[in-house]
Amino acid sequence: DRETLADLETLASILTHLARLETLRFQTPGEGSARDVVAGLPIGLALARPASAADRSRVEKTLADLDREIETLGAKVRNPSFLDRAPADVVEKTRRRLVELEQRRAALTGA
């Protein structure tokens, strides 16, 4: 959103320095950009080099881990026993975590 973008642009020089970046631009991620979700904020990272086999392997492992956790949490929120017995705040936290993981997975796959 525009407010988040304005905040990030204000911090651009600090972010560039702390991350030791040559340049920092805020734009829609291009094809081949690494994607993720951090604290609910979708991000894309374009590097000057093509993705290596190690990078692709790491993404595949991350996706497998996400799939396992999504399946586990999905089973919980579909389980009537869990929904009846767990405190409301635990159920809500589980649902929020599931949404975050699904967003992260979608960002990693470019979906």
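**View 1. Seven salt bridges are counted in this predicted model.** A salt bridge here is a side-chain nitrogen of Lys or Arg within 4 Å of a carboxyl oxygen of Asp or Glu. Side chains of opposite charge can pair when their charged atoms come close. Because the model is predicted, local features need pLDDT of at least 70 and side-chain atom pairs count only at pLDDT 80 or more, while totals for chains, interfaces and linings use all residues. Residues are numbered from 1 along each chain as its sequence is written, and side-chain values use heavy atoms, with hydrogens and water left out.

**View 2. R68 and D65 pair up along helix α3.** Their side chains meet in a salt bridge, with N to O at 2.2 Å. Why can these two be described as about one helical turn apart? Because R68 and D65 are three residues apart in helix α3, which covers residues 53-78. Helices (H or I, at least four residues) and strands (E, at least two) are DSSP runs, numbered from the N terminus. R68 counts as exposed at 51% relative accessibility, whereas D65, at 30%, counts as partly exposed. For these words, buried means under 20% relative accessible area, exposed means over 50%, and partly exposed lies in between (1.4 Å probe, protein chains only). Look for K61 as well: K61, D65 and R68 are linked in a network of salt bridges.

**View 3. D67 and R105 join two helices.** In this salt bridge, the closest N and O atoms of D67 and R105 are 2.4 Å apart. D67 lies in helix α3 and R105 in helix α5 (residues 88-109), so the pair ties together parts that are 38 residues apart in sequence. Both partners are partly exposed: D67 has a relative accessible area of 34%, and R105 has 26%.

**View 4. E71 meets R78.** The closest N and O atoms of this salt bridge are 3.6 Å apart. E71 is partly exposed at 48% relative accessible area, while R78 counts as exposed at 56%.

View 5. Accessible areas come from the Shrake-Rupley method with a 1.4 Å probe, and for residues only the protein chains shown count as cover. Helix α2 (residues 12-18) gives the most to the patch, with three residues. L21 sits in the loop between α2 and β1 (34-38), and its 35% relative accessibility makes it partly exposed.

**View 6. T94 has a place in helix α5.** Is T94 buried or exposed? At 9% relative accessibility, T94 counts as buried. Leaving out residues up to four places away in sequence, T94 touches L73, K76, V77 and F82. Contact means heavy atoms within 4.5 Å.

**View 7. Now step back to the whole chain.** The protein chain has five helices and two strands, and from the N terminus on its elements run α-α-β-β-α-α-α. Buried residues make up 17% of its 111 residues. The chain exposes about 8700 Å², of which carbon and sulfur atoms supply 54%.
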